[in-house]
Amino acid sequence: MATRIRLQRHGRKSYAFYSIVIADSRAPRDGKFTEKIGTYNPNTNPATVDLNFERALHWVLVGAQPSDTVRNILSREGVYMKKHLLGGVAKGAFGEAEAEAKFEAWKNNKQSGLAALKAKEDEAKKADEKARLEAEKKVNEAKAKALAEKKAAEEAAKAAAEAPAEEAAPAEEAATEAAAE
């Protein structure tokens, strides 16, 4: 019986959520499986993987063939790195303690790289937010200036309209007084 490590789809339409399972290669995608070794949620950023590392390593060592996506997940989680190091221990290239130290160094390097990437992403997000705030301030200042100019023009027009009316009113009064005499 050929075993495969594959994804089993769950979740609603347009929001897939997967279980990482060990199944017979002849079983359908969402059909019968031997063991569930983890979950994979591609909807988060970055994708969330919850994996039983020891069981995944066991199945890879006994020859279960992963699908392409699962191979990438297992590689990213370090299962294949650990398999590689255990192969070196079996050949006598180095001891088990040295293999464990190399694996921990790899894991720490990967985590620090991810932390640096997240910090860079956060910094870019803050810079983008600051730039948008500055742009919004400039737009608001331009709107306020245009509104002030408009109000000043309205005031000037109102004053100009009132001034001729005031000049015309005394002239009319004088003309009516002269006509009355």
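Which elements do the buried residues of α1 pack against? In this predicted model, the buried residues of α1 pack against β1, β2, β3, β4, α2 and α3 (79–91). The residues in question are Ala56, Leu57, Trp59 and Val60, which are buried in α1. Seen down the axis of α1, these buried residues fall within an arc of 165 degrees, so they line one face of the helix. After α1 comes glycine 63, whose phi is positive, near 105 degrees.

Five strands form an open sheet with mixed pairing, in the order β4-β3-β2-β1-β5. The edge strands, each pairing on one side only, are β4 (48–51) and β5 (65–66). Strands of a sheet pair through backbone hydrogen bonds, either parallel or antiparallel. Strand β2 (residues 15–24) pairs with β3 in the antiparallel sense, over five bridges. Helix α1 (residues 53–61) packs on the sheet, where it touches β1 (3–12), β2, β3 and β4, and its direction makes about 115 degrees with that of β3. Helix α2 (residues 68–77) packs on the sheet too, touching β1, β2, β3, β4 and β5, with a direction about 100 degrees from that of β1.

The side chain of glutamate 35 makes a polar contact of 2.9 Å with that of arginine 55, and another of 2.8 Å with that of tryptophan 59. Leaving aside neighbours within four places in sequence, glutamate 35 is in contact with Ile20, Val21, Ile22, Arg55 and Trp59.

The aromatic residues complete the picture. A pair of aromatic rings is described by the distance of the centres and the angle of the planes. Three aromatic pairs are found in a search of the whole structure. One of them is stacked: tyrosine 18 and tyrosine 40, at 6.1 Å centre to centre with 25 degrees between the planes. Because tyrosine 18 lies in strand β2 and tyrosine 40 in strand β3, this pair ties together parts that are 22 residues apart in sequence. Both tyrosine 18 and tyrosine 40 are buried. The rings of phenylalanine 53 and phenylalanine 103 have centres 5.7 Å apart and planes at 45 degrees, so this pair is tilted. Phenylalanine 53 lies in helix α1 and phenylalanine 103 in helix α4 (residues 96–180), so the pair ties together parts 50 residues apart in sequence. Phenylalanine 103 is buried, with a relative accessible area of 4%. Ring pairs link Phe53, Phe103 and Trp106 into a cluster.

How values were computed: Residues numbered from 1 in each chain as written. Predicted model: local features only at pLDDT ≥ 70, side-chain atom pairs only at ≥ 80, totals over all residues. Heavy atoms only, no water. Polar contact = N/O pair within 3.5 Å; in protein donor to acceptor, adjacent residues only side chain to side chain. Contact = heavy atoms within 4.5 Å. Pairing = 2+ DSSP bridges. Helix = DSSP H or I, 4+ residues; strand = E, 2+ residues; numbered from the N terminus. Axes fitted to C-alpha atoms, helices over the stretch in contact; angles between N-to-C directions. Buried < 20%, exposed > 50% of the residue type's maximum accessible area, 1.4 Å probe, protein only. Arc of directions from axis to C-beta. Phe/Tyr/Trp six-rings, centres within 6.5 Å; stacked < 30°, edge-to-face > 60°.
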